[in-house]
Amino acid sequence: ALARDRFEKDLLALWGDGVGIHGAAARRVWNTCSVALPVFPSNRWIARLDRRGFQVSAGSACSTGKAGPSPVLSAMGITEDIARRTLRISCGWESSPSDWQALLEAPKGVHDELENPGKTDGPGRVIQI
């Protein structure tokens with residue numbers, strides 16, 4: 001829980017009000033967080049984080065393939081706009097604080113990529129000529 005809590009604190013420091021940590025004040029499972037990232041829909045974050053080797057999701061495993069906002073997030077009073085930007089992130093027993101730190105670095109690059117799609121280069125990315 002310490003690495004997860006540090007990850008969440010660092011996300012808030014990075015983007016402030018652009019980030020939402022769902023259930024932060026509640027007792028939670030030690031290895032999972034639910035966060036709303038800035039501006040872009042979760043599917044765009046997921047695809048780009050996957051390219052960087054991080055497997056995150058937009059909902060619980062039992063909701064895979066279902067469309068629409070999460071019933072759990074709706075029940076928590078999360079707006080549809082925030083729910084569409086939400087990722088569920090979890091780790092395993094062998095995940096280290098450095099794994100969480102690496103995951104923190106990845107959204108910074110993804111955010112820049114999403115804001116400036118023509119400026120990126122490298123494998124699988126658009127290069128403007």
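Helices (H or I, at least four residues) and strands (E, at least two) are taken here as DSSP runs, numbered from the N terminus. The structure is a predicted model, in which local features need pLDDT of at least 70 and side-chain atom pairs count only at pLDDT 80 or more, while totals for chains, interfaces and linings use all residues. Residues are numbered from 1 along each chain as its sequence is written, and side-chain values use heavy atoms, with hydrogens and water left out.

The protein holds 5 helices and 3 strands, arranged from the N terminus as α-β-β-α-α-α-β-α. Of its 129 residues, 32% are buried (under 20% relative accessible area; exposed is over 50% and partly exposed in between, with a 1.4 Å probe and protein chains only).

Beyond its neighbours within four places in sequence, V35 is in contact (heavy atoms within 4.5 Å) with L11, G20, I21, H22, R85, T86, L87 and I89. Among contacts between residues at least 6 apart in sequence, 70% join residues at least 24 apart.

And what of V29? V29 lies in the loop between strand 1 (20-21) and strand 2, and V29 is exposed, with a relative accessible area of 52%.
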